[in-house]
Amino acid sequence: MNNNDLCRLLIEDFLKTCWPCLTILVERLSGFREEKSGKAVSLFKFRNGQKVSSTFDGSYFFLRGSVEYSNPQLTLEEVQGIIGARMLETCGNHFINHGLHTPDAADIAEICEALKKPSEGPIVAFLLNTDEIEADRYSMNPLRESIVASGQSAFPVAYVKTDHLKIDQEFVRKYEGKLISKQEVELISRQLNCCRGSYMDFVDSVKYAQMEELSKTFGMDLSLYTLRMPLTTLQAEAKDGLLHYIISGVHRDYKSVSQAYNCMGRSMTSRTTLLTVPHSKKGYGSKRAARGKIHFADTKLESVSVTYQTTQLYPNEIDSNDVSIAKADDRFTIKGAQLTDYSFSETPSSPQFFLYSLASPEDAALWHGIGAFAAPKLLQSYTAIRHSIRDGKLLKDLTERYGVKTDVPLQFNLKPESMWRHPIHGNIDASIGCVENPAELARRGMKLEYLSAFR
């Protein structure tokens with residue numbers, strides 16, 4: 001089966017099984033085109049190993065996907081998400097131009113042809129890659145031993161350097177064909193030798209090289225643009241920037257913190273959940289390795305105490321006993337004023353996703369297996385804070401000051417029961433290189449659902 005056949009196979013199935021998602025997307029976009037205005041959005045991609053940036057004005061409809069910095073190799077979950085976002089984007093652009101109607105052979109041919117080229121149309125799919133996670137969060141990084149040995153296992157990936165990283169041969173022997181392939185190990189080794197120290201640039205260079213190969217395999221351009229958040233955004237912002245304002249605003253007083261806790265479905269009794277996790281001067285920033293406590297003097301935020309301690313992270317799907325680890329040891333306290341009048345350069349920290357996602361340009365999002373592989377609570381807090389802002393309970397002048405829309409973006413999901421799995425081992429965290437015949441994946445189709453409960 002050639003690449004044109006794979007593309008057609010996926011599109012024909014997609015138009016049958018995902019038509020409700022397309023209908024909702026096109027209907028939302030019809031109203032959106034009348035009202036949209038916003039600030040420019042800068043995104044990047046790697047092309048021939050070089051980072052290339054592009055700026056999009058506020059007239060576009062942004063569809064958010066994601067891949068992880070916790071592993072350099074592309075997993076089946078990530079590949080399915082990229083292809084799903086690309087097809088949702090391209091089919092949406094097609095039917096916004098031609099009107100919603102029962103697709104025929106001409107539609108399918110036109111969509112397949114459009115998929116071969118970079119996106120053209122009002123919908124732009126992009127990857128929001130979180131840069132505050134650990135480098136081996138899910139016990140599937142072939143550099144794992146050196147990540148720990150170099151003292152970087154509890155660092156946010158934004159701080160990780162590649163200088164002392166190398167392939168863990170024991171990992172390769174144990175997981176070859178299950179989590180990673182020999183060809184991917186060779187690609188990772190090559191990119192590691194020619195990168196300039198930045199772990200995130202290294203990971204992106206590997207994944208984009210794989211995206212370019214997969215574009216040939218599936219007959220569609222899969223090199224989507226990327227946005228790194230939240231640390232890259234915070235580092236680039238001035239003190240009066242959007243994320244700085246959000247962090248300051250939710251820490252303003254007891255009422256603000258309480259309202260943010262309410263969005264997360266948390267009680268204020270213990271106040272051990274930090275809305276933003278201050279980084280250690282030793283470089284630690286792992287949210288899982290951090291323990292905290294928020295202290296008040298009456299209604300004023302007095303201080304936040306933080307303890308970093310060695311903590312287990314998560315196992316991979318092949319060996320549930322092989323749990324990755326974040327090694328850390330530090331204890332400190334920061335003053336409340338460092339958060340109520342926030343400056344990232346003075347107090348670097350990692351805000352919770354439901355807060356920093358407000359700065360994402362997304363008008364729609366594609367999640368990976370909400371309900372089985374991703375937590376509904378994350379999406380609930382993401383939705384709740386937008387309702388809270390809209391109702392004037394939190395960050396009251398956010399929209400006026402920064403033009404942030406508080407409407408809940410459309411929420412789509414890769415159906416958990418239909419996610420792509422390794423044909424033998426059954427895991428979604430297998431690398432794409434572990435699947436000898438990609439046609440096996442294409443035959444499973446692309447099953448998306450609209451999450452109507454989160455509006």
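Visitor: Which residues does Gly 65 touch, not counting residues up to four places away in sequence?
Guide: The model is predicted: local features need pLDDT of at least 70, side-chain atom pairs count only at pLDDT 80 or more, and totals for chains, interfaces and linings use all residues. Residues are numbered from 1 along each chain as its sequence is written, and side-chain values use heavy atoms, with hydrogens and water left out. With contact taken as heavy atoms within 4.5 Å, and residues up to four places away set aside, Gly 65 touches Phe 126, Leu 127, Leu 128 and Leu 366.

Visitor: Is Gly 65 buried or exposed?
Guide: Gly 65 belongs to strand β3, residues 61-65. Buried means under 20% relative accessible area, exposed over 50%, and partly exposed in between, with a 1.4 Å probe and protein chains only. The relative accessibility of Gly 65 is 2%, so this residue counts as buried.

Visitor: How far apart in space are Gly 65 and Asn 129?
Guide: In sequence, 64 residues separate Gly 65 from Asn 129. From C-alpha to C-alpha, the distance between Gly 65 and Asn 129 is 8.5 Å.

Visitor: Which residues are in contact with Asp 204, leaving aside its neighbours within four places in sequence?
Guide: Asp 204 is part of helix α8, residues 199-218. Its relative accessibility is 2%, so Asp 204 counts as buried. Beyond its neighbours within four places in sequence, Asp 204 is in contact with Asn 129, Arg 228, Tyr 69, Phe 44 and Phe 46.

Visitor: How many helices and strands does the chain have, and what is its radius of gyration?
Guide: Helices (H or I, at least four residues) and strands (E, at least two) are DSSP runs numbered from the N terminus, and the chain has 16 helices and 13 strands.

Visitor: Which peptide bond is cis, with omega near 0 degrees?
Guide: Most residues other than glycine have a negative phi, and most peptide bonds are trans. Pro 230 is found in the loop between β5 (225-229) and α9 (231-236). The cis bond, with omega near 0 degrees, runs from Met 229 to Pro 230.

Visitor: Is Asp 298 buried or exposed?
Guide: Asp 298 sits in the loop between β7 (290-297) and β8 (300-315). Although not a glycine, Asp 298 has a positive phi of about 60 degrees. Its relative accessibility is 77%, so Asp 298 counts as exposed.

Visitor: Is Leu 395 buried or exposed?
Guide: Leu 395 is located in the loop between α14 (376-390) and α15 (398-402). Its phi is positive, near 50 degrees, in a residue other than glycine. Relative accessibility is 3% for Leu 395, so this residue counts as buried.
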